[in-house]
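Trainee: I would like to learn how to read the features of a protein model with some care. Could we go through them one at a time, with the general idea before the case?

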Amino acid sequence: MNLFAIVRTSMAVASLTLVATPIDAQSTPATLANDVLAAYQKGNADEFANLVTASSLLDNTTTLSAQIKTNIETLLDIYGPVEGWELVKKKSASERYVENTYLIFQNEFATRLELTFYQRSSGWIIVGFQIDDKIVNLLEQTD
């Protein structure tokens, strides 16, 4: 879809700079991801944008937040409501830098959400995200 290609491009650009702070020092990648995914499932684009742009490290402009909200709303319009999700891939560079990939089951088609986390001294933060429909990237290659 041309429209989705535009959305995916916008989200990929945004994913390079998005950062979020934990609600408290007890947050883990799993709890942060659950909050983001729950906001997406509720169709709450404002909450989704707030969760991924909460950090003071991010130049949190209203333009960026509005772009994220518009992109999430577009994804929900195209693929329908979120019915659930599953953690399908975990990668790490260390115990303090991890990336989790979730398969999101939506009414019309599945999408993929990658969340990257970093553990700083005050707790875990989201340092990046990307959401798209490249489900084929989740399939294991066989020779």
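Mentor: Let us begin with strands: helices (H or I, at least four residues) and strands (E, at least two) are DSSP runs, numbered from the N terminus, and two strands pair if DSSP finds at least two bridges between them. This is a predicted model, in which local features need pLDDT of at least 70 and side-chain atom pairs count only at pLDDT 80 or more, while totals for chains, interfaces and linings use all residues. Residues are numbered from 1 along each chain as its sequence is written, and side-chain values use heavy atoms, with hydrogens and water left out.

Trainee: In which sense do strand 1 and strand 2 pair, and over how many bridges?

Mentor: Strands of a sheet pair through backbone hydrogen bonds, either parallel or antiparallel. Here strand 1 (residues 82-94) pairs with strand 2 in the antiparallel sense, over ten bridges, and a hairpin through two residues joins them. Within this pairing, valine 82 stands opposite glutamine 106 of strand 2, and glycine 84 has phenylalanine 105 as its bridge partner.

Trainee: In what order do the strands form the sheet?

Mentor: The four strands form an open sheet in the order 1-2-3-4, with antiparallel pairing. Strand 1 and strand 4 are at the edges and have a single partner strand each, so one side of each is left without a neighbour in the sheet. Ignoring direction, neighbouring strands are turned by 20° against each other on average, where the axes are lines fitted to C-alpha atoms, for helices over the stretch in contact, and angles run from 0 to 180 degrees between N-to-C directions.

Trainee: Which residues have the most contacts inside the largest nonpolar core?

Mentor: A nonpolar core is a set of buried Ala, Val, Leu, Ile, Met, Phe, Trp, Tyr and Cys residues joined through side-chain atoms within 4.5 Å; buried means under 20% relative accessible area, exposed over 50%, and partly exposed in between (1.4 Å probe, protein chains only). The largest such core has 28 residues, and those with the most contacts inside it are Tyr40, Phe48, Ile72, Leu113, Leu115 and Phe117. Among the elements that each supply at least two residues of this core are helix 2 (29-42), helix 3 (45-52) and strand 3 (110-120), whereas helix 4 gives the most, with seven residues.

Trainee: How many aromatic pairs does the structure hold?

Mentor: A pair of aromatic rings is described by the distance of the centres and the angle of the planes. Rings of Phe, Tyr and Trp (its six-membered ring) pair if their centres lie within 6.5 Å, and planes under 30 degrees apart count as stacked, over 60 as edge-to-face and the rest as tilted. The structure holds three aromatic pairs. Phenylalanine 48 and phenylalanine 129 form one that is edge-to-face, at 5.6 Å centre to centre with 80° between the planes; this pair links helix 3 to strand 4, its members being 81 residues apart, and both are buried. For tyrosine 79 and phenylalanine 109, the ring centres are 6.0 Å apart and the planes at 40°, so the pair is tilted.

Trainee: Is tyrosine 79 buried or exposed?

Mentor: Tyrosine 79 is buried, with a relative accessible area of 7%, while phenylalanine 109, at 40% relative accessibility, counts as partly exposed.
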